[in-house]
Amino acid sequence: MSPQLPSLNNRKTGIAAVALALLALAGTPAQAFDLNSDAPIKVSADNARLDDSRGIATYTGDVVITQLNTRLQADKVILYRDDNGLNRIEASGSPARYSQPTSSQGEATDAQAKNITYSASDSRLTFEHDAVITQGNNLFRGQLIHYDTQNRVVTAEGSSNNGEAGGRVEMVIQPRNQSQQGN
């Protein structure tokens, strides 16, 4: 017999179950790049353009950004900085990919989307257009996924009414102890 999801007749119970499931998937994944860390952020790319007067650096062609074990890979990345330092990262690709190890669960959180944005001012990672986040065998899919890295809150939206996904968000959450499941 397959496990059943809780009845969504009680809206509060359904919302709580979804919130708990999202937190289980999110775990401790995406603190993103720690802009207050002493660890350097390293960038490699085929091409770079720095507009120092505007505080914008644009990298194109197999761009890879790393800080410790956090990694962002994209076709194009734009870094924005102000007087306080780096404050925004915008990545685009087919798809752009983000990964970060998760210390508490031992499995990496991997994400991909056509656009990935990290905003330091509101501690938010945004995955847009065909966004998929996986952690182990858990999966979360939507057209727009926001992750508040400070408060650990995930919000997601499906595609528009004319999109293929029919405006839905998809989530697959594995049982905590899969070894107890029948083989």
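Q: How many salt bridges does the structure hold?
A: A salt bridge is a side-chain nitrogen of Lys or Arg within 4 Å of a carboxyl oxygen of Asp or Glu. The structure holds four salt bridges. A caution on the source: this is a predicted model, where local features need pLDDT of at least 70, side-chain atom pairs count only at pLDDT 80 or more, and totals for chains, interfaces and linings use all residues. Residues are numbered from 1 along each chain as its sequence is written, and side-chain values use heavy atoms, with hydrogens and water left out.

Q: Which residue forms a salt bridge with Arg81?
A: Asp52 does, with the closest N and O atoms 2.0 Å apart. This pair links distant parts of the chain: Arg81 is in strand β4 (residues 70-82), while Asp52 sits in the loop between β2 (47-51) and β3 (56-67), 29 residues apart. Helices (H or I, at least four residues) and strands (E, at least two) are DSSP runs, numbered from the N terminus.

Q: Is Asp51 buried or exposed?
A: Buried means under 20% relative accessible area, exposed over 50%, and partly exposed in between (1.4 Å probe, protein chains only). Asp51 counts as buried because its relative accessibility is 14%. Its salt-bridge partner is Arg54, at 3.6 Å, N to O. Arg54 is exposed, since its relative accessible area is 58%. Arg81, from the previous pair, counts as partly exposed at 38%.

Q: Which residue meets Arg88 in a salt bridge?
A: Glu90, at 2.8 Å, N to O. Arg88 is partly exposed, with a relative accessible area of 31%. Glu90 also counts as partly exposed, at 24%.

Q: What does Thr117 touch?
A: Contact means heavy atoms within 4.5 Å. Leaving aside residues up to four places away in sequence, Thr117 touches Arg88, Ile89, Glu90, Arg124, Leu125, Thr126 and Glu128. Both side chains of the Arg88 and Glu90 salt bridge are on that list. Thr117 belongs to strand β6 (residues 109-119). Thr117 is buried, because its relative accessible area is 11%.

Q: Where is Ala108 found?
A: In the loop between β5 and β6. Ala108 counts as partly exposed, at 34% relative accessibility. The C-alpha atoms of Ala108 and Gln135 are separated by 5.9 Å, though the two are 27 residues apart along the chain.

Q: How should I read the second largest pocket, and which residues lie nearest its centre?
A: Rolling a probe the size of a water molecule over the atoms shows where empty space is left. On a 1 Å grid over the protein atoms alone, a pocket is an open set of points where a 1.4 Å probe fits, with protein on both sides within 12 Å along at least five of seven lines; lining residues have an atom within 4 Å of a point. Here, 16 residues line the pocket, and Asp34, Leu35, Asn36, Tyr118 and Ala120 lie nearest its centre. Strand β5 (residues 85-100) gives the largest share of the lining, three residues.

Q: What about the whole protein: how many helices and strands does it have?
A: One helix and ten strands. Along the sequence, the pattern is α-β-β-β-β-β-β-β-β-β-β. Of its 183 residues, 34% count as buried. Among contacts between residues at least 6 apart in sequence, 41% join residues at least 24 apart.
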